[in-house]
Amino acid sequence: MGIVGRKRGFLALLLPICFAILLGRFPTVLGLNYTEYRQVSSLRLERIKTHLDQINKPAVMTIESSDGDIIDCVHKRKQPALDHPLLKNHKIQRHPQEMPKVRMMKEDGARDEKSNEVVKGAWQMWHQNGTRCPRGTVPIRRSTMHDVLRAKSLFDFGKKQRRVSLTRRTDAPDVVSGNGHEHAIAYTGAQEVYGARATINVWDPAIQVVNEFSLSQIWILSGSFDGSDLNSIEAGWQVSPELYGDSRPRLFTYWTTDSYQATGCYNLLCAGFVQTNSRIAIGAAISPISSFLSNQYDITILIWKDPKLGNWWMSFGDNTLVGYWPAELFTHLADHATMVEWGGEVVNTRANGEHTSTQMGSGHFANDGFGKASYFRNLEIVDADNSLSSVEYISTLAENTNCYSIKSSSNNQWGTYFYYGGPGNNPQCP
């Protein structure tokens with residue numbers, strides 16, 4: 001072997017060792033070791049690097065957020081979505097052809113009837129330094145080697161585990177699972193639905209172990225709940241140390257067309273969701289957040305199907321358009337949804353042989369009410385006429401009310417709403 005060959009062999013041995021040392025020095029947050037010390041083969045590193053090169057597109061400008069995120073401003077025609085084989089000739093839709101017909105907007109600072117605390121809108125942490133992405137670009141949170149290595153595998157990076165359904169009522173939502181996912185949700189179904197909206201207050205629930213998460217979201221569903229063709233569009237906020245490397249609540253999206261088996265992903269971690277907004281970074285931290293018995297900060301999310309072109313649009317906050325899931329991605333949702341779910345979900349790995357202490361929502365039970373428990377308010381659905389209307393009747397479900405609970409009600413100001421959440425492990429939830 002020549003000198004060059006010996007050098008290459010030495011580097012091949014040295015690279016995994018150096019990377020293992022770097023992993024061991026990766027900072028911990030709130031006592032959780034987010035990236036484990038382990039040796040990584042040079043072949044795996046090369047595969048991860050190739051994948052990162054595919055999803056981290058060349059940036060016109062880069063913004064460093066105070067929370068450590070790197071936001072790349074990518075030309076909208078270079079974003080990951082357009083790598084999808086079904087979107088090769090896709091023309092980006094700048095705006096929906098038609099917005100849902102909505103009632104008059106309420107004045108900012110809505111108040112709960114039982115509290116003097118003001119409810120305020122939350123925004124994103126990377127905005128705090130005042131820098132914005134230029135027009136014609138979209139902000140994309142950069143993925144790192146550490147992000148991928150926290151996942152079970154490269155295939156699993158950015159994906160939810162498939163929810164394995166157990167025996168359930170025919171009208172029940174697709175949430176009863178045997179793989180550790182627990183929920184406290186409200187749902188409506190057995191009808192043609194073309195979208196949904198809700199306002200959700202944002203907290204920072206504690207996560208016990210790195211591969212658990214806590215989220216609060218809207219699900220738009222169609223297809224077979226017991227088969228392999230379930231279509232789902234999802235958006236909300238989540239705390240996921242495995243996905244993001246910290247315990248901050250973050251805006252997220254998700255989609256799948258095959259019951260979470262192979263298609264779809266979180267955020268922009270695969271080709272699919274087309275972003276059109278230059279101010280909202282999907283996957284970025286939300287700030288400020290709600291405080292116990294103090295100000296409540298919430299976000300409003302609307303998802304609906306454009307009746308003209310069939311794309312499923314998402315808006316954030318005060319009708320700020322974020323982007324859309326193209327109609328070409330879907331089978332059942334190419335027509336309409338048959339069920340909507342709103343609520344919380346956690347992963348319970350029973351790491352120590354007992355129920356996780358990962359919190360849902362604020363970590364308080366539904367009965368604790370405003371300022372203590374997390375809430376969804378002003379639940380609405382979009383009908384076949386592209387009109388938003390308040391949900392009159394909802395069903396609720398929580399697999400284990402001693403761990404996480406839900407309580408629904410309605411009034412003139414919040415329409416149909418519910419409180420939900422809980423602490424997880426406690427004397428009644430061993």
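A disulfide is a pair of cysteine sulfur atoms within 2.5 Å. In this predicted model, the structure holds 3 disulfides. With bonded cysteines counted along the chain, their pattern is 1-2, 3-4, 5-6.

| Pair | S to S distance | Torsion about S-S |
|---|---|---|
| Cys-73 and Cys-133 | 2.0 Å | about -75 degrees |
| Cys-265 and Cys-270 | 2.1 Å | -85 degrees |
| Cys-403 and Cys-429 | 1.9 Å | 95 degrees |

**Cys-73 and Cys-133.** The torsion about this S-S bond is about -75 degrees, so the disulfide is left-handed. Cys-73 sits in strand β2 (residues 70-75), and Cys-133 in the loop between β4 (123-124) and β5 (137-141), so the bond ties together parts that are 60 residues apart in sequence. Buried means under 20% relative accessible area. Cys-73 has 0% relative accessibility, so it counts as buried. Cys-133 has a relative accessible area of 7% and is therefore buried.

**Cys-265 and Cys-270.** Here the sulfur atoms are 2.1 Å apart. The link is left-handed, with -85 degrees about the S-S bond. Cys-265 and Cys-270 are buried.

**Cys-403 and Cys-429.** This link is right-handed, at 95 degrees about the S-S bond. The pair connects distant parts of the chain, 26 residues apart. Cys-403 lies in the loop between β19 (395-398) and β20 (405-411), while Cys-429 lies in the segment after β21 (415-421). Cys-403 is buried because its relative accessible area is 0%. For Cys-429 the relative accessible area is 1%, so this residue is buried.

Definitions and conventions. Residues numbered from 1 in each chain as written. Predicted model: local features only at pLDDT ≥ 70, side-chain atom pairs only at ≥ 80, totals over all residues. Heavy atoms only, no water. Helix = DSSP H or I, 4+ residues; strand = E, 2+ residues; numbered from the N terminus. Buried < 20%, exposed > 50% of the residue type's maximum accessible area, 1.4 Å probe, protein only.
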